[in-house]
Amino acid sequence: MGPNTVDRALEAAEHDAATPISPTQTHHELPHRTSAEIERVISASSVSSASSTHSARSRRPSTVGTGIIGVGMSRISTSRDLPPAELGRIQTARSQHSATVGRSIRSRRSRASLAKPLPPFGAGKPYPPLLPNQEDFVVEFDGPDDPLHAQNWPMAKKLLTATMLGYTTMIASFGSSIFSAATRAVAADFGVSPDLSLLGVSLYVLGFATGPTFWAPLSELKGRRLPLVASMFGFTIFNLACGTAKDFQTVLITRFFAGFFGACPLAVVAAVFSDMFDNRTRGMAITVFSMTVFSGPMLAPFIGGYMVEDESIGWRWTAYLMAIMGVIAFIIDLIYLEETYPPVILVSKAAELRRRTLNWGIHAKQEEIEIDVKELITKNFSRPMRLLFCEPIVTLLSVYMAFIYGLLYLFLTAYPFVFMGVHGMSAGVAGLTFFGMIIGQLLAGATVLMQQPWYARKLAANNGVPVPEWRLPSVIAGGVAFSIGLFWFGWTGFTKDIHWIWPTLSGLMTGFGLASIFLQALNYLVDSYLMFAASAIAGNTFLRSLAGAAFPLFARYMFEGMGIQWASTLLGCIAVALVPIPVIFYMYGDRIRAKSAYAPTFGAGPEVAESETGDDFELGHGEKEQPSSVPRTDMDTAQRAV
C-alpha cells in the first residue's frame, strides 16, 4: 500500500474518530477491544505530529474536541475499531515521542530565536522551497506486525534480552549492599570509625537517587541501548577505582559515582520491558525484573562476608568483584543488546532509507527534537518534585515506600547486629540468613504472577481498560505481612535463648511484604498518572533513595540504645500505622484522581483548553497533557466496578 493510500486511510479514520458517540450508546455497547489494541491506540492518541517549521504549523487547522487536534494531531477514539491500514499507520513511536524531552514546540519557539534573522544559505544559493508535505517524509512502522518493533520480536529474542538486562540490573542492586560487609575492614584500613565507613553504602544509594535524572531523559533522546552500555562502562571504571583507592575520601567518591552509573538499569530496564511486552505480558515481565532489583541487595552480604573474612582476599575484592561483573555486563550489552525504543528504531530506519534512496527529506519524528535546558529542568526535577509534594497519591505512597525501602538497607545493619552480635556467627554465615527474605520476595513474585490470569479476566471484562485500584489488594496484604515480620524479627532475635532459625524465618514475612508493596504500588502509580508516570516514579525514587541512604546511618545507634526487641517494635508500629494508606486509596482513589491536576481525566471535551502553541492541552496548574482516547464514561464505569 502506497503512502498516499495510507494517508487517505488515516484521514478516514480520523474523520470517523471525530464523529461523536451517540448519547444513547453506553459503555457496554462499545465494541470489544483486546488489551493490546487498547494500549496501542491510546499510545498513538497521545501524539503530536506537528511540523518543525512555524509556517507549516500556521497553515494547519486547530480544532478542540474533534478528530484533528492542535497541529495535525490525531486523536483516535477507542470506541471505533480500526482496520489494519489505519492501525498500522498509527502504531508508531509517537506515543513516546510526544512526552520526550525537547519535543515541546514552545521550547523551540523562543522570542529571541524568532527575532533572529536567518543566516545566508551559502554559496550564493537561495533557500530551497519547503517540502510539499512534511508528514509524507516521516518514516513509520509498516503496520502492527512490523518485525522492527520490539513487541514483534520472537519470544526467544525477548527472553534473551530480558535475561541480559535482568543480570545487568541485579549487579547494580548487588553492588549497593556488598560494601556493607566490608565497612569494618575499611574502617580499620583507613583509620576511621565503622559508622563513618557506612557512608560507602549510603552514598551508593544516594547515587541511585540522582542517577535517574540523567539516564531517564537520555534514554528518551538517544534510545535505551546507549545509556545502558555507557553506564556499565562507568560502573566498571568506578568500582575498579574504589578497589584501588589510596584514601577514604576516594572510596566515598567512587562509591557515589558507582551508584550513579548503577542507577541506569534501575531507571531504564523497566522501560525496555515496556517496549518489548504489551499489557497482557508486561506485568509478568516487570515482576521478574523487580525480583532482580530486590534480591540483589540480599544476595551480596554473605558473599562479601566470606570475602572479607579471608585475609588473602580482603575488602578490596568486593569492589573488584563488582568491576568484573560490570565488565561482563558491558561486553554482553555491547555485543548482543539491540535497540528497543520505537522512536530511535525509526531514526535508524530513516538513516538507512536516506542512504539508499538519496532522498534527504526522509526522517523520523525523533530527529525533530531539540534540547532545551529549561524543559530538561522542568520535566526531570521541577515536575517530579511538584508531583511528590502536591499530589496526595504520590506523596503518601512515596512516604510508605520510602519507609519500606529504608528498612531494606537498615536490615544490612540489623541482621549482623542479631546474628553476629547475639548468636556469634561469622560475617559470611550471618549473611546467609538473608535467604529468608529472598525466599519471601520470591513468594511475593510468584503470588503476583499467579494473579495475572485474574487481572487479565478483569481487564477483558472492562473492555481492555485497566483500573488502577486493582493493584492495591496485594499492597494491603504486603503491608500486613511486613508489619508482622518486623515484630517477629525483634521478639525472636533479641536473645540467644531463642534459636536463630526463628528470626531468620521472620524474613519470609518481611521479604514477602516488601516485594508485594513495591511491585504493585509502582504499577498503581503508573496506572494512575499515565503520561506523567515517569515524573511520579522519579519523585518516588528520589524520596525512597534518600531514605535508603539515611536509614543505615542511625540503625546501630537505635538498636544499641533501644534494644533489638523495642527498636523492632517501634518500626513495626510505624509499619502498622502506614497500612491504611493503600486501603484509603483502594476505597477513594478514583475520587482523589478526579481532583488531581496531573492524573488524566480520560476525556477531551470542551473543558480541555488549547494552549498557545496549539498542540498541548491544559491539565491544570500550568501542566500540559495530550488527551486520552478513553471516554470518561468508560473509566467512571470501571471505577465504580471496583
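1. A residue counts as buried at under 20% relative accessible area, exposed at over 50%, and partly exposed in between, using a 1.4 Å probe and protein chains only. By that rule Glu338 is partly exposed, because its relative accessible area is 40%. Lys157 also counts as partly exposed, at 28% relative accessibility.

2. This is a predicted model, in which local features need pLDDT of at least 70 and side-chain atom pairs count only at pLDDT 80 or more, while totals for chains, interfaces and linings use all residues. Residues are numbered from 1 along each chain as its sequence is written, and side-chain values use heavy atoms, with hydrogens and water left out.

3. The structure holds 11 salt bridges. A salt bridge here is a side-chain nitrogen of Lys or Arg within 4 Å of a carboxyl oxygen of Asp or Glu. One of them joins Lys157 to Glu338, with the closest N and O atoms 2.9 Å apart. Lys157 sits in helix α7 (residues 155–178) and Glu338 in the loop between α15 (316–336) and α16 (342–357), so this pair links distant parts of the chain, 181 residues apart. Helices are DSSP runs (H or I, at least four residues), as strands are (E, at least two), and they are numbered from the N terminus.

4. A second salt bridge is formed by the side chains of Asp275 and Arg224, at 2.9 Å from N to O. Asp275 belongs to helix α13 (residues 248–276) and Arg224 to the loop between α11 (212–222) and α12 (225–243), so the bridge ties together parts that are 51 residues apart in sequence. Asp275 and Arg224 are both buried.

5. Arg593 and Glu469 form another salt bridge, and their closest N and O atoms are 2.4 Å apart. Distant parts of the chain are linked here too: Arg593 is in helix α26 (residues 580–594), Glu469 is in the loop between α21 and α22, and 124 residues separate them. Arg593 is buried, with a relative accessible area of 5%. Glu469 counts as buried as well, at 2% relative accessibility. Elsewhere, salt bridges that share partners join Glu135, Lys365 and Glu368 into one network.

6. In helix α21 (residues 452–461), the residues Gln452, Tyr455 and Leu459 are buried. Seen down the helix axis, the buried residues of α21 fall within an arc of 60°, so they line one face of the helix. The arc is that of the directions from the helix axis to the C-beta atoms. An α-helix has 3.6 residues a turn, so residues three or four places apart point the same way. Exposed residues Arg457 and Ala461 are on the face of α21 turned away from its buried side. Asn463, which follows α21, has a positive phi, near 60°.

7. How do helix α22 (residues 472–493) and helix α23 (residues 501–529) cross, and within what distance do their axes come? The axes come within 7 Å and cross at roughly 155°. That makes α22 roughly antiparallel to α23, a term used for angles over 145 degrees, with under 35 as roughly parallel, 65 to 115 as roughly perpendicular and the rest as oblique. The contact residues of α22 with α23 divide into 17 nonpolar, 11 polar and no charged.

8. Ile369 lies in the loop between α16 and α17 (373–390). Its relative accessible area is 15%, so Ile369 is buried. Ile369 and Leu221 are 148 residues apart in sequence, and their C-alpha atoms are 8.1 Å apart in space.

Note on methods. Axes fitted to C-alpha atoms, helices over the stretch in contact; angles between N-to-C directions. Nonpolar A, V, L, I, M, F, W, Y, C, P; charged D, E, K, R; others polar.
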